[in-house]
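Thank you all for coming. Today I would like to walk you slowly through one protein model, and I would ask you to keep the picture in view while I talk.

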Amino acid sequence: MSQFETPLFSGLLAHAKKNPIQFHIPGHKKGNGIDPEFREFIGNNALAIDLINIGPLDDLHQPKGIIKEAQDLAAEAFGADRTFFSVQGTSGAIMTMVMAVCGPGEKIIVPRNVHKSVMSAIVFSGATPIFIHPEIDKNLGISHGITTDSVARALEQHPDAKGILVINPTYFGISADLKKIVEVAHSYNVPVLVDEAHGAHIHFHDDLPMSAMQAGADLAATSVHKLGGSMTQSSILNMKGNLVSAKRVQSILSMLTTTSTSYLLLASLDVARKRLATEGKELIDKSITLAQSIRRRINEIENIYCVGDEILETDAAHGFDPTKLIISVKDLGLNGFDVEKWLRENYNIEVEMSDLYNILCIITPGDTDYEADTLIKALTELSAERHGLTEKLETQVLLPDIPVLSLSPRDAFYAETELVPFDGSEGRIIAEFIMVYPPGIPIFIPGEIITQENLRYIKTNMDAGLPVQGPEDYDFKYLRVIKEFKAIR
């Protein structure tokens, strides 16, 4: 088959054109039974292909027809041996990767700045995480990736690990030396799982970091919806080699996936793959050119700095995706959330995320000079507004040491628990997740001993207005901890 073909999308269109009488779900029946206002906005065409896994349309749980053809084309495009479509987002694909290699009590090596879905999978599987400290950029106050040396040390100490998970590239577009990491891991016969959520496009352009499949990784969960052009919640899981069983991957992915799979999402993966495979380089060329132009213009604005290739000065920063605009705003005397709010309220601009020191903007083929010029105009005005008022923020990276893991995350999650006041929780064993989302990196995971440093870090982020999430008490007055039983006297 040709990469210009779209077997899944074309199959849906052909089925819709037949206009069959539907005695099956979804109950809106080609939009006839849906709210009229919603139908008018969404459109008849979208509703006509919002279908279910009837015979002619194949079944994601056991693909043999048009879905299999679409997945095979995706595997060819991404350089994989097998590709699985996910309608549970990349979170579902990441959980599948972890659960495919780890069982109860088995070890998996992970960087601390993993996405919450990795820790969810560790709870589900009963695995024990062996954490590697990511390298910290003390100028920007962000985490990079993990170094080859740290991976080698972890495997030397834990050669019985069932897998190692690598983020490539990070949320901020920084990649490690993934090829060398794969070589080290494979020398121990340990599979490499890659969180490639922010790298759907990198396989299709030589000026971007090396993709997981190019580096020889075993599994890679890739968010096509983030930077590859498909619809939100649609992702793929790429696979290479034979260190992991493809049948087990399919089985676990099926366990985690709804039986009512969305054909709108699946079709969007099919057409996104076609565009990446046939036009990707040209489209990404334009994105890189636009991003570099924005970067240059931002760096002409007083007290604002947009990171470039100079970031590639550490062992953990082996590659850099220039379409990610890491914009340091600390010299304005504002935190990132302040700037995010200002841009929203004054220019109707929404950024990808903000933290204590930066905002992050992403550039894709969907952006034009209009969006670029508006961002530059806004930042120029903000800089002028802050002229003479700025007090530079000292970048004190508030990423405390990894807390001691006292219980396995699974045992802690299912233990008998109680609520205690936030300020009185130091020294207790936490039984819930706490993270700043986005990007979803855990501050605490179930089973860790609560430290004063981490409590301070939570308060600092909350005081800055950043989205700290996780505990069942949204106001953070209480935390859920493992219940302590007093001795009987």
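Before anything else, let me say that contact here means heavy atoms within 4.5 Å, and please keep in mind that what you see is a predicted model.

With that in hand, look at threonine 261, which sits in the loop between helix 10 (246-256) and helix 11 (263-298). Is threonine 261 buried or exposed? Its relative accessibility is 2%, and because buried means under 20% relative accessible area, threonine 261 counts as buried. If we leave aside the neighbours within four places in sequence, threonine 261 is in contact with Leu51, Ile52, Leu60, His61, Val87 and Leu266.

Let me move on to strand 10, residues 235-239, where five of the five residues are buried. On one side we have Ser235, Leu237 and Met239, on the other Ile236 and Asn238, so that both faces are covered. Strand 10 runs antiparallel to strand 1 (residues 82-86), joined by five bridges, and there methionine 239 is the bridge partner of arginine 82. Strand 10 also runs antiparallel to strand 9 (residues 219-222), through four bridges, with isoleucine 236 as the partner of threonine 222.

Strand 6 (residues 164-167) pairs in the parallel sense with strand 8 (residues 192-196), over four bridges, and isoleucine 167 stands opposite aspartate 195.

Finally, turn to the surface, where Phe38, Phe41 and Ile42 form a nonpolar patch with about 340 Å² of accessible area together. Phenylalanine 38, which lies in helix 2 (residues 36-42), is partly exposed, with a relative accessible area of 41%.

Terms used
Residues are numbered from 1 along each chain as its sequence is written. This is a predicted model: local features need pLDDT of at least 70, side-chain atom pairs count only at pLDDT 80 or more; totals for chains, interfaces and linings use all residues. Side-chain values use heavy atoms; hydrogens and water are left out. Two strands pair if DSSP finds at least two bridges between them. Helices (H or I, at least four residues) and strands (E, at least two) are DSSP runs, numbered from the N terminus. Patches are made of residues with over 30% relative accessible area and no salt bridge: like charges are joined within 9 Å, nonpolar side chains (Val, Leu, Ile, Met, Phe, Trp, Tyr) within 5 Å. Accessible areas come from the Shrake-Rupley method with a 1.4 Å probe; for residues, only the protein chains shown count as cover. A salt bridge is a side-chain nitrogen of Lys or Arg within 4 Å of a carboxyl oxygen of Asp or Glu. Buried means under 20% relative accessible area, exposed over 50%, partly exposed in between (1.4 Å probe, protein chains only).
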